[in-house]
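Hi,

Here is the structure I promised to pass on. Have a look at it first, and then read my notes below.

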Amino acid sequence: MSASSASKAGQTVKASSPKKPATEQGGSKKTPATQGGKGSGKGLVRPAPRAKVRRARLVVSKVDTWSVLKLAFLLSVALGIITVVASLVLWIVLNLTGLFDGINEMLSTLGGNAGGTDIKKFLSLGNVALFATVISVTNVILLSVLSVLGALLYNIAASLIGGIGVTLTDD
């Protein structure tokens, strides 16, 4: 409360005088240089005072759906690229290890046909890349739509209950 607002309210305000240093109040303040000249080194450098930790309590009351759509689209495209590349690398590794030839031999011994089945016709590199691309495009669309739907549902729920509380601290 300031002095002008206290005088308007009819209250008396006691002004406090600033504190004087110990040397002005009649006491003697000893420094390391005046303590016998020993210069022990203690007290020459004072540690910095620890700052108080500031805390801010915030509430996430609304999520912007357009920014959610942009972020979800970007992350799902990255996930789609990773899916396509990983499936192609996996196919190449399986081909180099001879797994497809081993599956063909096993099918020929079980089926009785000497050369009737070839697994590489069904699982060719082009078919695997096409299938992985279709799955990735479908995931991009679904993840984008579902994330926007989730943001809309969050906004509705936050308007009813107030949102999610977050406490931020300054370290």
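**Notes on helix 5 and the rest**

The buried residues of helix 5 are Val128, Ala132, Ser136, Val140, Ser144, Val148, Ala151, Tyr154, Asn155 and Ala158. Please keep in mind that this is a predicted model. What do the buried residues of helix 5 pack against? They sit against strand 1, helix 2 (65–97) and strand 2. As for the spacing in that list, an α-helix has 3.6 residues a turn, so residues three or four places apart point the same way.

I also checked the length of helix 5. With 37 residues at 1.5 Å a residue, helix 5 should span 54 Å, and its end C-alpha atoms are 52 Å apart, which agrees. Just after helix 5 comes Gly162, which takes a positive phi of about 105°.

Then there is a nonpolar patch on the surface. Leu142, Leu146, Leu149, Leu153, Ile156, Leu160 and Ile161 make up this patch, which covers about 770 Å². One of them, Leu146, belongs to helix 5 (residues 125–161). Is Leu146 buried or exposed? Leu146 has a relative accessible area of 53%, so it counts as exposed.

Read from the N terminus, the order of elements is α-β-α-α-α-α-β. Of its 171 residues, 13% count as buried. The accessible surface comes to about 13,900 Å², and carbon and sulfur atoms account for 66% of that. On contacts, take the ones between residues at least 6 apart in sequence: 75% of these join residues at least 24 apart.

Next, charges. In general, side chains of opposite charge can pair when their charged atoms come close. How many salt bridges does a search of the whole structure find? It finds one. The partners are Asp170 and Arg54, with their closest N and O atoms 3.0 Å apart. Asp170 is in the segment after strand 2 (164–169), while Arg54 is in the loop between helix 1 (3–8) and strand 1 (55–60), so the pair ties together parts that are 116 residues apart in sequence.

- With a relative accessible area of 12%, Asn104 is buried. Its side chain reaches the backbone nitrogen of Ile119 at 2.7 Å. Beyond its neighbours within four places in sequence, Asn104 is in contact with Thr117, Asp118 and Ile119.
- Ile92: this residue is in helix 2, and at 40% relative accessibility Ile92 counts as partly exposed. Ile92 and Leu125 are 33 residues apart in sequence, and their C-alpha atoms are 8.1 Å apart in space.

That's what I have for now.

Cheers

Conventions: Residues numbered from 1 in each chain as written. Predicted model: local features only at pLDDT ≥ 70, side-chain atom pairs only at ≥ 80, totals over all residues. Heavy atoms only, no water. Patch = residues over 30% accessible without salt bridge, like charges linked within 9 Å, V, L, I, M, F, W, Y side chains within 5 Å. Areas by Shrake-Rupley, 256 points an atom, 1.4 Å probe, with all protein chains shown as cover. Salt bridge = Lys/Arg side-chain N within 4 Å of Asp/Glu carboxyl O. Helix = DSSP H or I, 4+ residues; strand = E, 2+ residues; numbered from the N terminus. Buried < 20%, exposed > 50% of the residue type's maximum accessible area, 1.4 Å probe, protein only. Polar contact = N/O pair within 3.5 Å; in protein donor to acceptor, adjacent residues only side chain to side chain. Contact = heavy atoms within 4.5 Å. Expected span 1.5 Å × (residues − 1).
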